[in-house]
Amino acid sequence: MEYIDIGSLGDWGEAHTAYSGWKDTPAGMLKQHIDLYKRWYKKQPLSSAMMQ
């Protein structure tokens with residue numbers, strides 16, 4: 001496996017909310033999602049649209 005995509009935020013897992021009200025995801029919630037992936041995928045690199 002090359003990397004794990006953190007795709008649990010946004011309308012389609014791309015970290016955007018264009019069709020659900022255009023509200024930004026709070027930084028604390030982003031951190032919770034990233035920490036969750038870091039906990040379970042310790043050896044694989046993580047990637048996400050929200051990290052770019």
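This is a predicted model: local features need pLDDT of at least 70, side-chain atom pairs count only at pLDDT 80 or more; totals for chains, interfaces and linings use all residues.
Leucine 36 counts as partly exposed because its relative accessibility is 44% (buried is under 20% relative accessible area, exposed over 50%, partly exposed in between; 1.4 Å probe, protein chains only). I placed leucine 36 in helix H1 (helices are DSSP runs of H or I, at least four residues; strands are runs of E, at least two; both are numbered from the N terminus).

Next, the surface. Leu36, Trp40 and Tyr41 make a nonpolar patch of about 340 Å² (patch residues have over 30% relative accessible area and no salt bridge; nonpolar side chains are joined within 5 Å, like charges within 9 Å). Areas are Shrake-Rupley values with a 1.4 Å probe.

Then I searched for salt bridges (a Lys or Arg side-chain nitrogen within 4 Å of an Asp or Glu carboxyl oxygen). The whole structure gave 1. Lysine 31 pairs with aspartate 35, with the closest N and O atoms 2.6 Å apart. Both residues lie in helix H1, 4 residues apart, about one turn. Aspartate 35 is partly exposed at 32%.

I found 1 aromatic pair (ring centres within 6.5 Å; planes under 30 degrees apart are stacked, over 60 edge-to-face, the rest tilted). The rings of tyrosine 37 and tyrosine 41 are stacked, because their centres are 6.0 Å apart and their planes at 25°. Tyrosine 37 is buried at 16%. Tyrosine 41 is partly exposed at 34%.

Last, confidence. The chain averages a pLDDT of 80, and 77% of residues score at least 70 (pLDDT is the predictor's confidence per residue, 0 to 100).

Residues are numbered from 1 along each chain as its sequence is written, and side-chain values use heavy atoms, without hydrogens or water. Local features need pLDDT of at least 70 and side-chain atom pairs 80 or more, while totals for chains, interfaces and linings use all residues.
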